[in-house]
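Colleague: Could you walk me through how you read the secondary-structure features of a model like this one? I would like the general idea each time, and then the case at hand.

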Amino acid sequence: MNPRDAFKALLRTRLHPFVNRSFPSLNPGRELSGGYYVRGLCHVLEQVAHGKLQRLIIELPPRHLKSTVATMTFPAWLLGRDPKMRIVCASYSIDLANSFSHKCRKLMAEPFYQSVFPEVAFDPKKDAVTEFHTSQKGFRLATSIGGTLTGKGGDIVILDDVMKAQDTHSQTTRDKIHEIFQDTIATRLDDPKTGAIVLVGQRLHEDDLIGRLQQTGNWSTLSLPAIATEDQVIDLGDNMEWRRQTGEPLDADRLGLDELGQIRAEIGRLAFEAEYQQRPVLAGGNLINLEWFKTYKKPLARNKYEAILQSWDTAALPGESNDYS
């Protein structure tokens, strides 16, 4: 096999090389991040494509390529590999969903894409931004999270940013999105035994859709906080892994600790912990922070103390299930 054909074969079989090749078409003048997390993101989506994962949550901070990879490039790669694939993509607004769809459709019209996937052809009778079809009856459908899906189903459903940040603290909105997922989205798979649902986004609230679905225990989660809160091993595929250390930035070349500290100061601790660290806390929660406490190597003299406090939690409540004190 000559190098050109070998490269095309690589793009057809592996998502990360395809993302790398597609990125300049989607983002002229910019370079794809070399961060290991991009490989990890592509690898876990490959597991969906191969039927190894059927319920996947991806938690990523803002501006870390989640939509570029999961909602624009991944569907194009899937349709190239199988033009009969039926893909439904939903976001919180139809304008946002259409923007993602337009970029995906534009990518699939690129000469390099047509060269890699020559069997893919568009159906001229069904070639709208909201929904475009291949001549092999596959399609990519864009809709809002509350949009109509009557009579529509798919092999894979991708949910990207299902709630606006402004609606984070609305119990009514959170309940409505969860109800839409239960009554509409979760029932849209053509074959529930083989179909998959992927939910990507940053955390916004303890009680957001990601939080509720994680409580079911049925979902696999790839959580990638901007700053590692613990040592983390991320599978990159090909028997490779990224051993991420506590305190390590997700993409140090783009957002180092100084830049992330500035963002924390600008948007506030609560928003940063949710959107960037994937650790949402309720407003009024997290009032006492560990970093506020300092340590000393030698005991101080009594006259150096401002006050000495004692706190006792004796669990002294009646009831058979309470701890004995």
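**The sheet and the helices around it**

Modeller: Eight strands make up an open sheet of mixed pairing, in the order S3-S4-S5-S2-S6-S7-S1-S8. This is a predicted model, in which local features need pLDDT of at least 70 and side-chain atom pairs count only at pLDDT 80 or more, while totals for chains, interfaces and linings use all residues. Residues are numbered from 1 along each chain as its sequence is written, and side-chain values use heavy atoms, with hydrogens and water left out.

Colleague: Which are the edge strands of this sheet?

Modeller: They are S3 (122-127) and S8 (220-223), each of which pairs on one side only; two strands pair if DSSP finds at least two bridges between them, and strands themselves are DSSP runs (E, at least two residues), as helices are (H or I, at least four), numbered from the N terminus. Neighbouring strands are turned by 20° against each other on average, with direction ignored.

Colleague: In what sense do S6 and S7 pair?

Modeller: Strands of a sheet pair through backbone hydrogen bonds, either parallel or antiparallel. Here S6 (residues 156-160) and S7 (residues 196-201) are parallel, over five bridges, and Leu 159 has Leu 199 in S7 as its bridge partner.

Colleague: And how do S9 and S10 run?

Modeller: S9 (residues 232-237) and S10 (residues 240-244) run antiparallel and are joined by five bridges, with Asp 235 opposite Glu 241. The two strands form a hairpin with two residues between them, and Asp 238 in the turn has a positive phi of about 55°.

Colleague: Why is H3 described as largely enclosed by the rest of the structure?

Modeller: The criterion is burial, meaning under 20% relative accessible area, with exposed over 50% and partly exposed in between (1.4 Å probe, protein chains only). H3 is largely enclosed because 11 of its 14 residues are buried, including Tyr 37, Leu 41 and Glu 46. Just after H3, Gly 51 takes a positive phi of about 80°.

Colleague: At what angle do H2 and H3 pack?

Modeller: Axes are lines fitted to C-alpha atoms, for helices over the stretch in contact, and angles run from 0 to 180 degrees between N-to-C directions. H2 (residues 15-26) and H3 pack at about 125°, with their axes 8 Å apart. That makes H2 oblique to H3, since angles under 35 degrees count as roughly parallel, over 145 as roughly antiparallel, 65 to 115 as roughly perpendicular and the rest as oblique. The contact (heavy atoms within 4.5 Å) involves Leu 15, His 16 and Val 19 of H2 and, among the residues of H3, Val 38 and Arg 39.
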